[in-house]
Amino acid sequence: MAIKKFIRYPDKRLSVKCELISSITDKDHEVWKNMFDSMYNMPGIGLAACQIGILRSLAVVDIGDGKIEPFEMANPKILYSSGVYVENQEGSPNLPGVWAKIKRPRAVTCLLYTSDAADDLLCVD
């Protein structure tokens with residue numbers, strides 16, 4: 001496991017559509033572990049693979065609320081987002097030192113592959 005360097009905006013890799021995952025490999029599991037290490041070092045609650053220069057549709061999340069365990073995602077797709085929004089102060093390791101108030105849906109439902117390569121529905125409130 002390793003802490004990876006974050007690429008800096010305006011690097012074009014941050015706006016490129018990532019490669020979809022057809023099957024989860026040992027390399028993907030290694031990338032997820034490195035992503036968790038990198039995210040916890042920020043600190044943060046979520047990280048996409050493109051943020052460390054890997055153009056595959058992988059992400060990790062740890063909300064840190066004790067209700068939901070940290071999890072890995074491949075090919076996440078938002079199916080539903082609530083009409084209720086919450087505002088939080090957010091930053092990005094790709095834009096160091098920049099913070100802004102961001103409104104996001106209070107709840108989302110996503111379709112994704114989990115680390116065991118199964119289709120999964122995830123509802124986060």
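The protein has 125 residues and a radius of gyration of 14 Å, which agrees with the value near 14 Å for a compact globule of that length. This radius is taken over C-alpha atoms, and the globule rule is 2.2 Å times the number of residues to the power 0.38. The model is predicted: local features need pLDDT of at least 70, side-chain atom pairs count only at pLDDT 80 or more, and totals for chains, interfaces and linings use all residues. Residues are numbered from 1 along each chain as its sequence is written, and side-chain values use heavy atoms, with hydrogens and water left out.

**Overall build**
- The protein has one helix and seven strands; these are DSSP runs, numbered from the N terminus, with helices (H or I) of at least four residues and strands (E) of at least two.
- From the N terminus on, the order is α-β-β-β-β-β-β-β.
- Along the principal axes, the C-alpha atoms fill a box of roughly 40 × 35 × 30 Å.
- Take contacts (heavy atoms within 4.5 Å) between residues at least 6 apart in sequence: 54% of them join residues at least 24 apart.

**Surface and charge**
- The accessible surface is about 8,200 Å², and carbon and sulfur atoms hold 54% of it. The areas come from the Shrake-Rupley method with a 1.4 Å probe; for residues, only the protein chains shown count as cover.
- Buried residues make up 30% of the 125. Buried means under 20% relative accessible area, exposed over 50%, and partly exposed in between (1.4 Å probe, protein chains only).
- There are 15 positive and 16 negative charges, and their mean positions lie 9 Å apart. Lys and Arg count as positive, Asp and Glu as negative; His and the chain ends are not counted. Each charge is placed at NZ of Lys, CZ of Arg, CG of Asp or CD of Glu.

**Cysteines**
- A disulfide is a pair of cysteine sulfur atoms within 2.5 Å; by this rule the count is zero.
- The cysteine sulfur closest to that of Cys 50 is in Cys 18, at 4.6 Å, so it is too far for a bond.
- Cys 50 is buried, at 13% relative accessible area. Cys 110 is buried too, at 11%.

- Ala 100 sits in strand S5 (residues 99–105). Ala 100 is partly exposed, with a relative accessible area of 32%.
- Leaving out residues up to four places away in sequence, Ala 100 touches Asn 88, Gln 89 and Glu 90.
- Pro 10 lies in the segment before helix H1 (26–41). Pro 10 is exposed, at 62%.
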